[in-house]
Amino acid sequence: MTETALTEATATPGSKSQQAYQAVKARIVEGSYTPGYRLVLGAIAKDLGFSVVPVREAIRRLEAEGLVTFERNVGATVAGIDPTEYLYTMQTLSIVEGAATALSAPLIDPAAIARARAVNEQMRECLDHFDPVRFTQLNQDFHSVLFEHCPNPHILDLVHRGWNRLASLRSSTFRFVPGRAHDSVEEHENLLKLIETGADAEDIEKAARQHRTATLDAYLAQTN
């Protein structure tokens with residue numbers, strides 16, 4: 001994580017615990033802290049200019065989200081996702097994200113459609129000189145537009161939890177299956193057309209779910 005990014009993360013309004021949480025989570029998501037990386041509380045606290053207490057609270061919060069684990073005689077480490085865990089998480093996310101997208105659809109206005117389509121065009125341009133990390137971030141930005149208006153906060157919370165659990169592995173998912181990125185962009189456009197033409201919620205949910213499971217199938221086929 002760059003010094004500027006770290007400064008921005010720790011400058012975010014809120015408690016020191018919240019600031020520490022945002023800073024450590026950002027490092028995990030962007031891949032600076034890789035799976036298995038040992039999180040030394042004292043070192044992180046010194047880096048952030050905090051005491052150990054807010055850092056410990058932040059680590060516990062990240063543990064509850066599945067991004068951090070505690071190992072005996074080791075301490076806190078960044079969690080990895082094994083193939084089985086990845087399978088279950090993606091299956092669950094396909095269901096809850098599909099539902100969230102379908103529920104959001106009637107609330108997505110033309111401006112939001114335009115915003116999502118602009119992001120998808122950036123993803124399309126990214127295909128020429130493929131950067132899997134940037135592509136994945138744009139992919140999350142795209143889907144956030146589609147599910148962020150979900151009126152059911154419980155479903156929305158499950159979607160965010162799913163994305164968080166996949167964060168460390170998803171940074172490299174498209175690195176394993178770069179060909180999947182091309183199909184993903186086309187499927188995004190199909191989703192946008194369904195939403196802007198007022199398609200049935202069932203059709204939108206089905207398309208969103210199949211889009212998610214197609215990435216899972218491609219990944220599992222490659223790793224197997």
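What is the relative accessibility of glutamate 121?

A: Glutamate 121 has a relative accessibility of 33% and therefore counts as partly exposed; buried means under 20% relative accessible area, exposed over 50%, and partly exposed lies in between, with a 1.4 Å probe and protein chains only. The model is predicted, so local features need pLDDT of at least 70 and side-chain atom pairs count only at pLDDT 80 or more, while totals for chains, interfaces and linings use all residues. Residues are numbered from 1 along each chain as its sequence is written, and side-chain values use heavy atoms, with hydrogens and water left out.

The side chain of glutamate 121 meets that of arginine 124 in a salt bridge, with 3.4 Å from N to O. A salt bridge here is a side-chain nitrogen of Lys or Arg within 4 Å of a carboxyl oxygen of Asp or Glu. Both residues lie in helix α6, 3 residues apart, which is about one turn of the helix. Helices (H or I, at least four residues) and strands (E, at least two) are DSSP runs numbered from the N terminus. An α-helix has 3.6 residues a turn, so residues three or four places apart point the same way. Arginine 124 is partly exposed as well, at a relative accessible area of 28%.

Phenylalanine 142, leaving aside neighbours within four places in sequence, is in contact with Ala116, Val119, Asn120, Met123, His188 and Leu192; contact means heavy atoms within 4.5 Å.

Glutamate 189 lies in helix α9 and is buried, with a relative accessible area of 14%. Beyond its neighbours within four places in sequence, glutamate 189 is in contact with Arg117 and Asn120; Asn120 is also one of the contacts of phenylalanine 142. A network of salt bridges links Arg117, Glu189 and Glu196. Arginine 180 and glutamate 187 form another salt bridge, their closest N and O atoms being 2.5 Å apart. In this pair arginine 180 is buried, at a relative accessible area of 6%, whereas glutamate 187 counts as partly exposed at 24% relative accessibility.

Salt bridges number 11 in the structure. One of them joins arginine 27 to aspartate 47, with 2.7 Å between the closest N and O atoms. This pair links distant parts of the chain, from arginine 27 in helix α2 to aspartate 47 in helix α3 (residues 41-48), 20 residues apart. Arginine 27 counts as buried because its relative accessibility is 11%, while aspartate 47 is partly exposed at 42%. The buried residues of α2 include Ala20, Tyr21, Ala23, Val24 and Ile28. Helix α2 (residues 16-30) has 15 residues; at 1.5 Å a residue it should span 21 Å, which agrees with the 21 Å between its end C-alpha atoms. The expected span is 1.5 Å times one less than the number of residues.

Helix α7 holds valine 133, which is partly exposed, with a relative accessible area of 37%.

Buried residues make up 45% of its 224 residues. Among contacts with a separation of 6 or more, 72% are between residues 24 or more positions apart.
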